[in-house]
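Dear colleague,

I am passing this structure on to you. Please look through it first; my notes follow below.

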Amino acid sequence: MQWIEAGCLEDIPILGARVMRTAQGDIALFRTANNEVFALNDKCPHRNGPLSQGIVHGNRVTCPLHNWVIELVTGSAVAPDEGRTACYPVKVEQGVVSISLRPDELQKSA
Ligand code: FES
């Protein structure tokens with residue numbers, strides 16, 4: 001797997017997100033209260049709302065447009081809503097965040 005550096009963990013606000021611009025579009029890097037980082041396409045599966053501007057709670061983010069709740073681990077909308085946005089593998093080593101631009105296996109098997 002090829003990793004791309006995405007900046008420092010400290011640059012991502014806790015319970016917030018930072019946007020990384022890539023050839024595949026904007027990717028939102030979310031940081032939870034536990035300092036876990038997740039990378040999702042910055043597009044809500046509903047109507048492409050900017051998930052990076054949503055509120056993180058637990059391992060979920062609420063879309064700022066119509067309040068759909070999206071699982072950060074899988075990119076899936078929480079029922080009763082349906083849909084999924086691409087998510088990407090993330091690793092944090094010594095405070096440096098890296099992502100892989102290939103959508104993960106969960107996404108492929110969807
Ligand atoms: S665009 Fe995200 S809930 Fe509608």
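In what order do the 4 strands of the open sheet stand, and is the pairing parallel or antiparallel? The order is S2-S3-S4-S8, and the pairing is antiparallel. Strand S2 (16–22) and strand S8 (87–88) are at the edges with a single partner strand each, so one side of each has no neighbour in the sheet.

Before going on, some notes on the basis. This is a predicted model, in which local features need pLDDT of at least 70 and side-chain atom pairs count only at pLDDT 80 or more, while totals for chains, interfaces and linings use all residues. Residues are numbered from 1 along each chain as its sequence is written. Strands are DSSP runs (E, at least two residues), numbered from the N terminus, and two of them pair if DSSP finds at least two bridges between them.

Within the sheet above, strand S3 (residues 25–31) and strand S4 (residues 37–41) run antiparallel and are joined by 5 bridges. One of the pairs involves Arg31, whose bridge partner in S4 is Val37.

There is also an open sheet of 3 strands, with the order S1-S10-S9 and antiparallel pairing. Its edges are strand S1 (4–8) and strand S9 (90–93); each has a single partner strand, so one side of each is left without a neighbour in the sheet. On average, neighbouring strands of this sheet are turned by 30° against each other, direction ignored (the axes are lines fitted to C-alpha atoms).

S9 and strand S10 (residues 96–99) run antiparallel and are joined by 4 bridges. Val90 stands opposite Ile99 in S10, and Lys91 has Ser98 as its bridge partner there. The two strands form a hairpin with 2 residues between them, and Gln94 in the turn has a positive phi of about 50°.

Now the core. A nonpolar core is a set of buried Ala, Val, Leu, Ile, Met, Phe, Trp, Tyr and Cys residues joined through C-beta atoms within 7 Å; buried means 20 or more other C-beta atoms within 10 Å, exposed 12 or fewer, and partly exposed in between. The largest one has 26 residues, of which Leu29, Phe30, Phe38, Ala39 and Leu40 touch the most other members. S2, S3, S4, S8 and S10 each supply at least two residues of this core. Leaving out residues up to four places away in sequence, Ala39 touches Ile27, Leu29, Cys87, Tyr88, Val90 and Ile99 (contact is C-beta atoms within 7 Å).

Lastly, Cys8 is found in strand S1. Cys8 counts as partly exposed because it has 13 C-beta neighbours inside 10 Å.

Regards

Note on methods: Axes fitted to C-alpha atoms, helices over the stretch in contact; angles between N-to-C directions. Contact = placed C-beta atoms within 7 Å.
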